[in-house]
Amino acid sequence: MSDATLHDSHHDPADFAVQISDQIESFIVAVTEVAKGDEPDSAVPFLLLEISQLLLAGGRLGAHEDFVPDERYEPDVGPEPDVDELRERFATLLDPIDVYSEVFDPYVPRSQPVACRISDDLADIITDLRHGMAHYRDGRVSEALWWWQFSYLSNWGTTASAALRALQSLVAHVRLDSPLDELDGLDTDSNADGDDQLAEEAGRVMAAEIAAPLGLPSSARP
């Protein structure tokens with residue numbers, strides 16, 4: 001890939017900033033709307049789409065040369081908006097398929113999977129994106145781009161990728177008619193005696209919330 005293609009905004013960074021900010025703003029607005037729970041049946045496929053589109057912006061930030069902020073120290077953007085309500089709404093909306101297993105760093109030998117929550121992931125991503133958006137709206141474009149790029153590489157890129165993998169897996173389970181066999185061990189406060197019931201409930205939720213919006217039959221062809 002040529003430098004001209006990889007860094008297509010080199011000669012006009014303002015246009016690049018507008019494109020990235022538009023993608024990020026669109027994600028924040030869309031995910032906040034999903035969290036309201038007005039259309040629970042389409043939550044999983046809609047989140048799959050939104051996170052996929054956000055990661056396109058992240059990929060552009062990651063592939064771009066390092067942004068350098070205008071000021072040596074980051075200006076104060078004020079208190080961070082509270083995301084606890086959004087987190088709790090998604091935890092309720094996605095229960096019992098909120099918890100999934102993820103390897104934190106695939107390049108660390110013998111890494112052990114850890115339990116993660118899609119609801120936590122979405123709240124963390126929104127927090128990072130809003131922080132950069134506060135700079136952008138105050139006219140500190142270079143600071144916003146630096147923050148979005150840095151936090152993509154250090155936090156929200158990994159978090160969004162993991163959540164996307166979990167959502168893609170859920171959709172794949174439905175399309176391939178492959179119910180979740182067990183959820184034992186994914187959550188430290190889960191009740192081991194109720195694992196079979198929890199897995200069965202997860203299967204029903206997946207079928208109800210994912211299959212219908214995707215236009216899938218109740219039992220997909222092998």
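Good morning. Let me begin with helix H3, which covers residues 43-63: its 21 residues reach 30 Å from the first C-alpha to the last, close to the 30 Å expected at 1.5 Å a residue. Please keep in mind throughout that this is a predicted model.

Two packed helices are described by the angle between their axes and the distance between the axes. For H3 and H6, the axes come within 8 Å and cross at roughly 145 degrees. The crossing of these two helices is left-handed. What classes of residue make up the contact of H3 with H6? There are 17 nonpolar and eight polar residues, and no charged ones.

Helix H6 also brings us to a pocket. The second largest pocket has a volume of about 210 Å³. Strand E1 (99-102), strand E2 (114-117) and helix H6 (141-175) are the elements that each give two or more residues to its lining. Of these, H6 gives the most, with five residues. Among the lining residues are Tyr-100, Glu-102, Cys-116, Asp-121, Ser-154 and Asn-155. Sorted by class, the lining holds six nonpolar, four polar and two charged residues.

I now come to the loops. Between helix H4 (84-94) and E1 lies a loop that contains Pro-96. A cis peptide bond joins Asp-95 to Pro-96, with omega at about 5 degrees.

The loop between E1 and E2 holds Arg-110. Its phi is near 55 degrees, a positive value in a residue other than glycine. Is Arg-110 buried or exposed? Arg-110 counts as exposed because its relative accessibility is 75%, and the cut-off for exposed is over 50%.

Finally, consider Val-77, in the loop between H3 and H4. Val-77 has a relative accessibility of 23%, and therefore counts as partly exposed. How far is Val-77 from Asp-138, in sequence and in space? The two are 61 residues apart in sequence, and 8.8 Å apart in space from C-alpha to C-alpha.

Thank you for your attention.

Conventions. Residues numbered from 1 in each chain as written. Predicted model: local features only at pLDDT ≥ 70, side-chain atom pairs only at ≥ 80, totals over all residues. Heavy atoms only, no water. 1 Å grid on protein atoms, 1.4 Å probe; cavity = no way out; pocket = protein on both sides within 12 Å on 5 of 7 lines; lining within 4 Å. Points joined across faces, edges and corners; volume = space filled by probe spheres on them. Helix = DSSP H or I, 4+ residues; strand = E, 2+ residues; numbered from the N terminus. Nonpolar A, V, L, I, M, F, W, Y, C, P; charged D, E, K, R; others polar. Expected span 1.5 Å × (residues − 1). Buried < 20%, exposed > 50% of the residue type's maximum accessible area, 1.4 Å probe, protein only. Axes fitted to C-alpha atoms, helices over the stretch in contact; angles between N-to-C directions. Left-handed = near helix turned anticlockwise from the far one by under 90°.
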